[in-house]
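Have a look at the picture, then read on.

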Amino acid sequence: MSGGVPGLGPTAQKFSSCLLLLPLLCASEDTPEPCELDDDDYHCACNFSDPQPDWSSGFQCMVAFQVEIRAGGHDQAKFLKHADTDPRQYADVVKGLRVRRLLVGAARVPAPLLFTLLRALGYSRLRELTLEDLEITGTPPPPPPREASGPALSTLRLRNVSWPTGGAWLAELQQWLKPNLKELSIAQARPLGFSCEQLRTFPTLATLDLSDSPGLGERGLAAILCPHKFPALQDLRLRNSGMGALSGVCAALAAAAVQPRHLDLSHNALRATAGAGAPGCVWPSTLSSLNLSFDGLEQVPKGLPAKLSVLDLSCNRLSRGPRPDELPDVENLIMVGNPFQDPQAPKPHEDTMESNVARNCVWSFGDLVHAFGGSERKTGESAGRKKRVPRAHHGPRVRRGVPQEWTVEPPAPH
């Protein structure tokens, strides 16, 4: 390789060209660069879409806090020889990197190469990793010794990633991560399910996001929610995940012994009534907020939890206001964007982009939970007073600094 990085020794120079996705290596630095680094050295994005990409452009990303590497669909098998490199050779270089958020996407990656990358990142200060639009190929290497495992991530996002090892993929990936994970997002994985027998416990995982996996359904949820593997789970997100019956979701939660505080079931096609013979189910007592927006509901569904802090029924097809006996004991009921409030407005699943309904249906459910006090707010019901009919709120009281989870947006027109 011609040229070099001033101030780095030979080993560090070799690693610097292999950093992030190991194929960022050993190429000329004189060709036009596909990477862009902002003026603050904060965000660096690479798109190696050229037929003969200049991988060495990734040099400039070494100073960035947030890095996105998209490999243009290229097969990385030609770099497999570098998977045998001992990461300890460049540990000091990795420790000096600023990167905290890393996205790797759009490539065919041999499994040994991916896991070598994870082991190398074990020396980094990386906290958020996104793997997106990847096809993992080949046989994974043996699991590393505990002292040589990968990064101490707080957030791991997997979007449209295919794995060669069937249902063992998550257990194998888990072996290369330190047990610090707090948020796990899995969307459109292939295969979507994984083996509970081989999976270790996620002791600190607070958020599990299985949104945008329409093929999941209640049966898939029951298979993924491995019993006693998610003891700290507080936030379960199932937006656009093929859910059809509340009873099936409730049964999956009960079987897995999880106790979430927040459940997002928005953008599904929920049935208002349980099927014939559906068993009764007791929801977790910890559940305080339930998002049923954009579910096409024409009436309040049966089988709701007995008590909630927030129930979001916004942007459905309710043609009348709910009766008291149809509702749980709820502090804050959100019903904006339903036809009974504005009979002349288009229904949310019709022409929402041009209607006032659409403008009413763009708030974050997290905003609403916090704006109305969430599960921490005490009212007459929580003090044991007589149950009252909750008010249907027509808009949130916006507060600053509110997390933007559970964004509610109009669906694309059919």
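This is a predicted model: local features need pLDDT of at least 70, side-chain atom pairs count only at pLDDT 80 or more; totals for chains, interfaces and linings use all residues.

1. How many aromatic pairs does a search of the whole structure find? It turns up 7. I'll walk you through two of them.

2. Start with Y42 and F65. Their ring centres are 5.0 Å apart and the planes sit at 15 degrees; planes under 30 degrees apart count as stacked, so this pair is stacked. The pair links distant parts of the chain, 23 residues apart: Y42 is in the loop between β1 (35-37) and β2 (43-47), while F65 is in the loop between β2 and β3 (66-75). Y42 is partly exposed too, at 33% relative accessibility.

3. Now try W55 and F79. Here the ring centres are 5.8 Å apart and the planes are at 90 degrees; over 60 counts as edge-to-face, so that is the label for this pair. W55 lies in the loop between β2 and β3, and F79 in the loop between β3 and α2 (91-95), so the pair ties together parts 24 residues apart in sequence.

4. Are W55 and F79 buried or exposed? W55 has a relative accessible area of 5%, so it counts as buried. F79 is buried as well, at 7% relative accessibility.

5. One last thing to look for: ring pairs join W55 and F79 with F48 in a cluster.

Technical notes: Residues are numbered from 1 along each chain as its sequence is written. Side-chain values use heavy atoms; hydrogens and water are left out. Rings of Phe, Tyr and Trp (its six-membered ring) pair if their centres lie within 6.5 Å; planes under 30 degrees apart count as stacked, over 60 as edge-to-face and the rest as tilted. Helices (H or I, at least four residues) and strands (E, at least two) are DSSP runs, numbered from the N terminus. Buried means under 20% relative accessible area, exposed over 50%, partly exposed in between (1.4 Å probe, protein chains only).
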